[in-house]
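Please open the model in your viewer and keep the selection panel at hand. The tour below moves from one selection to the next and says what is there.

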Amino acid sequence: MFGRSRSWVGGQGKAKNIHSLDHLKYMYHVLTKNTTVTDHNRNLLVETIRSITEILIWGDQNDSSVFDFFLEKNMFAFFLNILRQKSGRYVCVQLLQTLNILFENISHETSLYYLLSNNHVNSIIVHKFDFSDEEIMAYYISFLKTLSLKLNNHTVHFFYNEHTNDFALYTEAIKFFNHPESMVRIAVRTITLNVYKGELDNQHMLHYIRDKTAVPYFSNLVWFIGSHVIELDKCVQTDEEHRNRGKLSDLVAEHLDHLHYLNDILIINCEFLNDVLTDHLLNRLFLPLYVYSLVIPETSEERKINPQVSLYLLSQVFLIIHYQPMVNALAEVILNGDLSVFTPQTDIHSVRCFTKPLESLERSLELSRHRGRKRTQKRPNYKNLGEEEDDERARGGGGGVEEGWDDDSRGGEREGEIEMVVMDKCKVTEQNITDEEKTAAATRTHTQRSRPFLDMVYSALDCTNDDYHALFVLCLLYAVSHSKGINRDLLERLQLPVPDQEKSSYSLVLVERLIRVMSQASQPDGKVRLATLELSCLLLKQSVLSGNQCIIKDVHLACLEVQHTQTCTHYIRTHTYSPGEEIFLDMFEDEYRSMTSKPLNVEYLMMDASVLLPPTGTPLTGIDFVKRLPCGDVEKTRRAIRVFFMLRSLSLQLQGEPETQLKTHTEKQNDLIACMVVSKDGGQAQRFLAVDVYQMSLVEPETKRLGWGVVKFAGLLQDMQVSGVEDDSRALNIVIHKPSSNPHAKPLPILQANFIFADHIRCIIAKQRLAKGRIQARRMKMQRIAALLDLPVQPSATEVLGFGQTANASPSGLPFRFYEQSRRGPNDPTANRAVFASVDKVPGDIQIPPPSTNQTNDPGDVAATAASTGCCASLAVMLNVNKKPLAVAALSSSCKARLNGCDWCLDLEKLEMGLNGLLARLT
């Protein structure tokens with residue numbers, strides 16, 4: 001019989017429609033004949049359960065009589081009977097898998113009610129599975145999560161039993177809150193959030209959660225989070241060489257998950273849950289473990305974690321959690337509290353201490369469940385109303401551990417009152433006083449009253465040795481000032497930075513410490529990272545900017561100006577590569593682009609576990625450049641440039657001045673040269689080449705609009721290489737590279753193609769425009785950089801090849817691309833010469849020897865004299881002697897750039913035309 005049934009189930013029998021009520025009846029017949037699981041029928045039962053699941057899903061969408069038959073025959077009881085026989089891992093896994101699929105795919109509420117009736121689902125939930133098996137554990141927790149997603153005001157009655165006061169779906173799930181597998185812990189958080197969500201308005205269930213599970217669950221959860229924090233701190237202390245960053249990153253990610261989970265519970269805004277959770281978080285985790293560790297001596301046994309870890313974790317707390325009562329109380333202690341908040345109060349023992357719960361969560365839930373079962377359920381009426389309370393009072397002090405848990409839950413309000421009393425001691429009464437009186441009062445209060453936590457925060461801003469602690473302090477101040485739940489009155493009372501708010505005074509202590517951080521960052525041997533400097537600038541702007549006005553004092557502004565104009569510029573001039581080198585322009589532009597396009601994101605910074613480790617200077621760790629110290633001359637140059645940009649931007653914003661030296665716009669009409677562009681892969685396209693002051697463009701004419709075109713490619717001249725093609729005098733090979741900050745790296749080409757022109761004349765003209773345009777673009781940009789850095793500037797070049805850019809051009813018309821590179825030592829004897837001479841060399845140009853003091857009629861010497869003096873008289877002498885091509889070529893390459901210094905010099909475009917004509921006649 002079994003053999004025929006197996007083949008029939010497998011689809012080889014006579015039945016054709018397996019999705020039907022008749023087939024379900026046959027499956028029921030198979031179950032009734034195989035009530036006992038054996039090795040012979042195990043596979044048959046598994047296939048039968050799968051088939052029943054498929055039929056139920058089909059019936060939910062097509063035939064309601066399927067569920068009628070399933071309920072009538074109580075077929076769920078067969079599933080439960082198979083589980084209770086301890087039939088082995090194979091059957092359990094398949095049964096949990098099919099049940100999970102079944103509940104995921106049921107869409108009609110009536111069908112769901114059929115499945116949840118008779119309490120069989122709860123019996124499966126409380127079944128003792130072998131959770132040491134990872135597969136069983138995975139399917140079981142997935143089954144619970146699927147059921148939690150079906151919770152609503154109607155289905156909750158199937159899971160919460162008011163008569164037995166039991167909620168198996170919730171209590172069985174939270175037992176795995178500390179499971180070693182992260183996916184299980186995530187599923188538990190999802191289940192609890194589905195239970196807590198506001199759509200469930202069942203008061204009996206909520207009272208059960210509050211009275212029986214809230215305190216045990218939250219106390220164990222807080223202990224579990226604290227244990228992870230201590231493990232994180234140990235990982236930081238034992239990984240100074242950055243060898244175990246993987247484990248540290250996992251621990252930081254776990255802490256972030258915990259904080260997001262806690263915030264998700266708090267934003268549900270269930271009042272009694274928030275009260276209990278806030279009490280446990282403040283008094284048993286944040287204050288005793290995080291805050292108290294800021295001031296405990298290193299040698300004390302009470303110190304569980306180090307201050308830098310505390311500051312890092314507190315920053316995460318304020319960035320993620322926005323529940324006002326909790327973040328306000330926490331900020332009040334840190335910014336305005338003293339050690340009295342940790343002094344035990346009367347009639348309270350061990351408030352604000354990080355201690356392990358007396359009972360495990362599973363043990364607490366078990367005792368609570370048994371106690372609830374022993375209690376007789378009475379229907380409330382006028383006779384027995386109040387008897388339950390009398391029984392509680394009669395049992396009195398013999399309640400044991402469970403009474404202690406209930407005392408905690410019922411005493412939440414009392415502890416909250418005590419909490420408020422402690423907080424009131426820390427508050428300063430506000431009065432209607434002037435800003436000067438407020439500043440004096442804040443200073444006087446700071447000096448007279450003990451604020452150990454705030455003092456520690458300010459003292460950690462000392463960056464004399466390094467900025468290890470300072471970075472975390474700045475992140476904490478930023479997080480507190482940007483937290484949505486912080487009371488703004490507290491920040492204003494302490495004159496801490498508040499973004500986008502009118503103010504008339506600021507904290508002198510904080511601003512002076514921020515200025516010291518900037519001063520140390522601008523020193524040549526400073527140990528301040530770029531992230532620390534950027535945060536300092538950001539907090540300073542928030543402190544002294546009030547709307548469109550700046551309220552900074554003159555003495556503080558003067559300190560910033562000195563740093564910007566002297567210290568930082570001296571650092572760039574004496575400790576980095578020479579700005580005369582071509583690589584410096586690329587570095588300068590790339591650093592500006594990086595600073596403007598990728599501003600510091602504090603939220604992402606506090607998610608990076610690498611900042612917890614001591615600052616390192618090697619790029620081999622893979623840490624981002626702004627989060628570590630520079631290594632080598634190239635990175636020191638990059639850091640110096642970035643410091644200069646940050647301090648310059650800060651100075652301009654505080655003075656209300658716009659940035660005019662680093663504009664990136666220019667307008668110029670250009671001549672077009674037709675050409676055929678042949679790419680490296682053989683593709684051809686007809687384009688027009690347009691050469692601007694700083695870039696070249698490839699334009700495709702617009703067919704529908706005469707005189708219009710579409711720019712298909714644009715590249716900067718300064719990144720271009722132009723060379724001829726040996727076999728074709730009408731062709732040029734043009735390569736445009738993407739600049740790199742590494743001088744040893746091979747540049748990556750973004751365009752590599754042959755340009756074929758109509759004749760060799762147009763080819764020569766295009767080559768001249770591109771080659772000379774590259775020189776001119778780099779020279780003008782480097783002159784701008786020299787002006788910014790107060791370096792000696794070579795006189796501006798006159799127009800080259802009709803670009804129309806003169807010495808009187810507006811500085812805003814010189815754009816920067818902003819990429820990256822390098823520099824020269826302070827003892828270089830050529831430091832006082834023109835700093836951009838090295839960028840004037842183009843392959844193929846004639847090199848002019850130094851001018852001789854002896855006057856001769858040799859054309860080469862005359863050309864050299866003209867180039868060195870820049871005088872039109874020399875030009876006239878040269879044009880009247882011998883008229884050799886060598887002299888004209890020498891003048892073309894070296895003399896033109898220096899003629900602009902003479903008052904009676906010719907216009908460069910006319911001069912170029914005359915020189916070209918003269919050269920053509922002579923040749």
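**First stop: Tyr28**

Select Tyr28, which lies in helix H2 (residues 21–33); helices here are DSSP runs of H or I with at least four residues, numbered from the N terminus. This is a predicted model, in which local features need pLDDT of at least 70 and side-chain atom pairs count only at pLDDT 80 or more, while totals for chains, interfaces and linings use all residues. Residues are numbered from 1 along each chain as its sequence is written, and side-chain values use heavy atoms, with hydrogens and water left out.

Leaving aside neighbours within four places in sequence, Tyr28 is in contact (heavy atoms within 4.5 Å) with Phe69, Lys73, Met75 and Phe78.

**Next: a helix pair**

Now select residues 89–105, helix H6, together with residues 134–149, helix H9, which pack at an angle of about 25° with their axes 9 Å apart. That angle makes H6 roughly parallel to H9, a label for angles under 35 degrees. Among the residues making the contact are Leu96 and Phe103 of H6, and Tyr139 and Phe143 of H9.

**Last: colour by confidence**

Colour by pLDDT, the predictor's confidence in each residue from 0 to 100; the protein averages 74, and 70% of the residues score at least 70.

How values were computed: Axes are lines fitted to C-alpha atoms, for helices over the stretch in contact, and angles run from 0 to 180 degrees between N-to-C directions. Helices (H or I, at least four residues) and strands (E, at least two) are DSSP runs, numbered from the N terminus. Angles under 35 degrees count as roughly parallel, over 145 as roughly antiparallel, 65 to 115 as roughly perpendicular and the rest as oblique.
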